[in-house]
Amino acid sequence: MSPVGDAARPPQALHVRDPGLQPERTALAWNRTGLSFVANALLALRAGNVNERWWVTGLGIMLLFGAAASLGLGLMRRAQLGRGTGPAAPPTWMLGATVLAAFVACVTAIAAIVHDA
Amino acid sequence: MLNRGWRHEGQEPDYRFSLANERTFLAWIRTALALLAGGVALDQFATRLGPHWVLVAIAIGLAALSAVLCGGAYLRWRSNEIAMRHARALSGTFVIPLLSIAALLAAAVIGVLLLVR
């Protein structure tokens, strides 16, 4: 039942891919996520500046890079999906990197809040 | 580690469902980041709103919830993808009502603080 080791046969879902709306929506979702990172980056930069915590400012800068990376991943996904071959699911490293960036932001924020309380 | 076992089991789902799953993951990440931004903004800007420890508690609570959502986003994506590959129903999650309750509580506390200021 489970076609393990069956990578040579293309999945049937590929034959019905639409011309581009789904990849575009997926890229836009990555863009929106990038914008969320930007919002948090601005808050971190402000907090680091006002309270003079270099590590919070550092987080802000990292989140800006994360936002840019998110936009880049959106472009990558669009290109991957535009090729029309291969699995539709994103590689795990993309999701892992996103989770890690957001998680680091959470932990650093808790540390900063506790530190300044 | 890159070629995880579950990606080769079951059947490749309709690519639109995989992409919808990816966008759902990103929506969870954005929700987490929004909660984080809310918590940080409370701690940073609500200087005249009642006892500071209440705001710190809410801020830390929101940041912690955000961290949980980050990890949960990936786990949920993975579980959905596996369920789709084996043509099983997607599981519900208790996190959505939990999220509503948490947001409601935070809003209620802030509302009370605003009223008794």
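Let's start at Leu36(B): leaving aside neighbours within four places in sequence, this residue is in contact (heavy atoms within 4.5 Å) with Asn40(A), Ala105(A), Cys106(A), Ala109(A), Ala63(B) and Ser66(B). Before I go on, this is a predicted model, where local features need pLDDT of at least 70 and side-chain atom pairs count only at pLDDT 80 or more, while totals for chains, interfaces and linings use all residues. Residues are numbered from 1 along each chain as its sequence is written, chains are lettered from A in the order in which they are written, and side-chain values use heavy atoms, with hydrogens and water left out.

Back to Leu36(B). It belongs to the largest nonpolar core, which has 53 residues, and sits among those with the most contacts inside it, alongside Phe37(A), Phe25(B), Leu69(B) and Trp77(B). By core I mean buried Ala, Val, Leu, Ile, Met, Phe, Trp, Tyr and Cys residues joined through side-chain atoms within 4.5 Å; buried is under 20% relative accessible area, exposed over 50%, partly exposed in between, with a 1.4 Å probe and protein chains only. Helices here are DSSP runs of H or I, at least four residues, numbered from the N terminus. H1, H2 and H3 of chain A and helices H1 (15-45), H2 (52-85) and H3 (95-115) of chain B each supply at least two core residues. The largest share, 13 residues, comes from H2(B).

Now, the interface itself. How many residues of chain A are in contact with chain B? There are 44, meeting 39 residues of chain B. About 3,900 Å² is buried between the two chains, with carbon and sulfur atoms giving 69%; that is accessible area (1.4 Å probe) lost on putting the two parts together, summed over both. Leu43(A), Thr92(A) and Ile113(A) supply 15% of what chain A buries against chain B, more than any other three residues.

And the charges? The rule finds 1 salt bridge across this interface, meaning a side-chain nitrogen of Lys or Arg within 4 Å of a carboxyl oxygen of Asp or Glu. Glu22(B) and Arg77(A) meet in a salt bridge at 2.7 Å, N to O.

Last stop, Gln22(A), in helix H1 (residues 21-51) of chain A. Is Gln22(A) buried or exposed? Its relative accessible area is 13%, so it counts as buried. Beyond its sequence neighbours within four places, Gln22(A) is in contact with Tyr15(B), Arg16(B), Leu19(B) and Arg23(B). Thanks, everyone!
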